[in-house]
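Hello,

Here is the structure we discussed handing over. Please load it first, then read the notes on charged pairs below.

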Amino acid sequence: MKLTYRPYQLKLKHPFKLAYGTRTATDIVLVELEHEGHTGCGEASLPPYLGESIETVTAFLNKIDTSQLDPLRFRETVQYLGALDSDNNGAKAAVDIALHDLLGKMEDRSLADLMSIPASRPTPSSFTIGMSTRTELESKLKDASDYPIIKLKLGGDDDKELVKSYLDQSTKPYYVDINQGWKDRQYALDMAAWLAENECLFIEQPMPAGMIDETSLLTQGSSLPIIADESVRRLGDLAALKGVFNGVNIKLMKSTGIFEAIGMIEEARKMEFQVLIGCMAESSCAVTAAANLAPLADWADLDGPALITNDPFTGVKMENGNMILPSGPGLGIEKVSFQ
Ligand code: MG
């Protein structure tokens, strides 16, 4: 098997403003695995807060002995990748996604079919809007016209104003992502009650990951579900979240790819957690992989390709508010151009 990779930079349509900073582009590394005339494609997305870079991803990829990669023996392959380094979740995800794509092409089956995931259920996705002024919000809502649910990034000084401005301009259901921006428990409880009165669906990662007792009290005191994002990366993180959150946001770049993400969804269900499947700024490669898992989740937040201007692939598409998977084997994605 031959492994090649290519660094690339996704350009964001709008500067992305969150509780912890603003950015205009996201580095990714695209991975290709070639075997017996088939090529599988994967992607590592590298938002700065996850601590990976093009250098750390390429260093990890250079360590791989490709004779140890076997798409027919996934458990062993994932164990091999895990033993190479304890971090590098995005790099591992890129290899995992490429192996799944490759296996689908070798067997002429779609990813959902390989994983026995029902493809028939309509799966809507939310569209994320970074912290915005009233005027910015108007133009971003136009970008969101294909999406039936809106996710508002909050966690600044004017959260209520932002939500009021949203409610003035849109009737679509919405939820909020605080990105750890609320530091005071009473403020968080008051905001959760106010958001419940204003028909918000749920609240993602309201408080810093380290504020476990405060988050637990917020979850007990809130009528809205409280969903973990920054507090959870991998399967082993779930057990500590029982009683602290009502659900988890699972992302391929955190979980080391599809194999562990499916294990996380199964474990989360046993714990009676709600499941959101999310993405970073990602191209249609990794987002199409995640979209295959969406029928297993309660909610999907897979708007990555809609937030960038230079997607190198075509893949999952939005139609009448639902994600439609491409029909080809594996991920079914096709290369467009690199720019
Ligand atoms: Mg989040």
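**Salt bridges**

A network of salt bridges links Lys151, Lys153, Asp177, Glu204 and Asp301. Note that the model is predicted. Searching the whole structure gives 17 salt bridges.

**Aspartate 229 and lysine 254**

These two form a salt bridge, with the closest N and O atoms 2.6 Å apart. The pair links distant parts of the chain, 25 residues apart. Aspartate 229 sits in the loop between β8 (226-228) and β9 (247-251), and lysine 254 is in helix α9 (residues 252-255). Buried means under 20% relative accessible area. Aspartate 229 has 1% relative accessibility, so it counts as buried. Lysine 254 has 2%, so it counts as buried too.

**Arginine 234 and glutamate 260**

Here the side chains meet in a salt bridge at 2.6 Å, N to O. Arginine 234 is in the loop between β8 and β9, while glutamate 260 belongs to helix α10 (residues 258-270). They are 26 residues apart, and the pair links distant parts of the chain. Arginine 234 is partly exposed, at 26% relative accessible area. Glutamate 260 counts as buried, at 11% relative accessibility.

**Glutamate 34 and lysine 2**

Glutamate 34 forms a salt bridge with lysine 2; their closest N and O atoms are 3.9 Å apart. Glutamate 34 lies in strand β2 (residues 21-35) and lysine 2 in strand β1 (residues 2-18), so the pair ties together parts 32 residues apart in sequence. Glutamate 34 is partly exposed, with a relative accessible area of 35%. Lysine 2 is partly exposed, at 48%.

Best regards

Conventions. Residues are numbered from 1 along each chain as its sequence is written. This is a predicted model: local features need pLDDT of at least 70, side-chain atom pairs count only at pLDDT 80 or more; totals for chains, interfaces and linings use all residues. Side-chain values use heavy atoms; hydrogens and water are left out. A salt bridge is a side-chain nitrogen of Lys or Arg within 4 Å of a carboxyl oxygen of Asp or Glu. Helices (H or I, at least four residues) and strands (E, at least two) are DSSP runs, numbered from the N terminus. Buried means under 20% relative accessible area, exposed over 50%, partly exposed in between (1.4 Å probe, protein chains only).
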